[in-house]
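Student: I would like to learn how to read side-chain features in a model. Can we go through them one at a time?

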Amino acid sequence: MSDVIRYQPDESNQLPVLPTPRVEINIRSARLTDFDFIDDLQKRHKEGVGFMWEKAIKGHIEKGNVLVAEATRGTRNEVSGTSEGSTHHCSLGTHHSDRFPVGYVLGADRYLKRDELGIIYQMNVEPEFQRSLVAANLRKAKFEASADGCRLYCCWCAQDLEANHFWEA
């Protein structure tokens, strides 16, 4: 029997404040042109996120169920620690040519015909950007973009994944 950890909003219904990411990121709604990035990343991490067919991914993109995290050019050095400082910009934004995708979250804010329950099907971040709060900010943005009635997200993952520590936290 496993413990269930649930997000319980406080009285103000505000999401917890996250520390500043170690990289500059922008989170936006996915576009169909992001499919190749999403498909490549899911194939490289199929043991952790499973597999979703092209038609299903594109359908979720068209429904607005996918968010993409982008980093600013030059950020790769900041992640590896060879550059000093970084700034934080995490909001649903627009596309700029100096940004490149580093992760995505694919989920729906309605699950099992219940308005208060959503599901995260896939959360995936490029390996060099993991442990940089990219996934935490994707999760927060997914909650913020959810319908008003959605209060809880579920996620089904293999129990032997290191990422389960992230979900438990």
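Student: Is Lys 140 buried, exposed or partly exposed?

Tutor: Keep in mind that this is a predicted model. Burial is read from relative accessible area: under 20% is buried, over 50% is exposed, and partly exposed lies in between. Lys 140 has 24% relative accessibility, so it counts as partly exposed.

Student: With which residue does Lys 140 form a salt bridge?

Tutor: A salt bridge needs a side-chain nitrogen of Lys or Arg within 4 Å of a carboxyl oxygen of Asp or Glu. The partner of Lys 140 is Glu 144, at 4.0 Å from N to O. The two residues are four apart in helix H5, about one turn of the helix. Glu 144 is exposed, its relative accessible area being 53%.

Student: How many salt bridges are there by this rule?

Tutor: The count is seven.

Student: What is the geometry of the pair formed by Phe 100 and Phe 129?

Tutor: For aromatic pairs, read the distance between ring centres and the angle between planes; an angle over 60 degrees counts as edge-to-face. The structure has four such aromatic pairs. In the Phe 100 and Phe 129 pair, the centres are 6.0 Å apart and the planes are at 65°, so it is edge-to-face. Phe 100 belongs to strand E3 (residues 99-108) and Phe 129 to the loop between strand E4 (117-125) and helix H5 (134-145), 29 residues apart.

Student: Which residues have the most contacts inside the largest nonpolar core?

Tutor: A nonpolar core is a set of buried nonpolar residues joined through side-chain contacts. The largest one here has 19 residues, and those with the most contacts inside it are Ile 27, Val 102, Phe 129, Val 134 and Leu 138. Helix H5 gives the most to this core, with five residues. Another core, of 12 residues, lies apart from it and includes Phe 37 and Tyr 104.

Methods. Residues numbered from 1 in each chain as written. Predicted model: local features only at pLDDT ≥ 70, side-chain atom pairs only at ≥ 80, totals over all residues. Heavy atoms only, no water. Phe/Tyr/Trp six-rings, centres within 6.5 Å; stacked < 30°, edge-to-face > 60°. Core = buried A, V, L, I, M, F, W, Y, C linked by side-chain atoms within 4.5 Å. Buried < 20%, exposed > 50% of the residue type's maximum accessible area, 1.4 Å probe, protein only.
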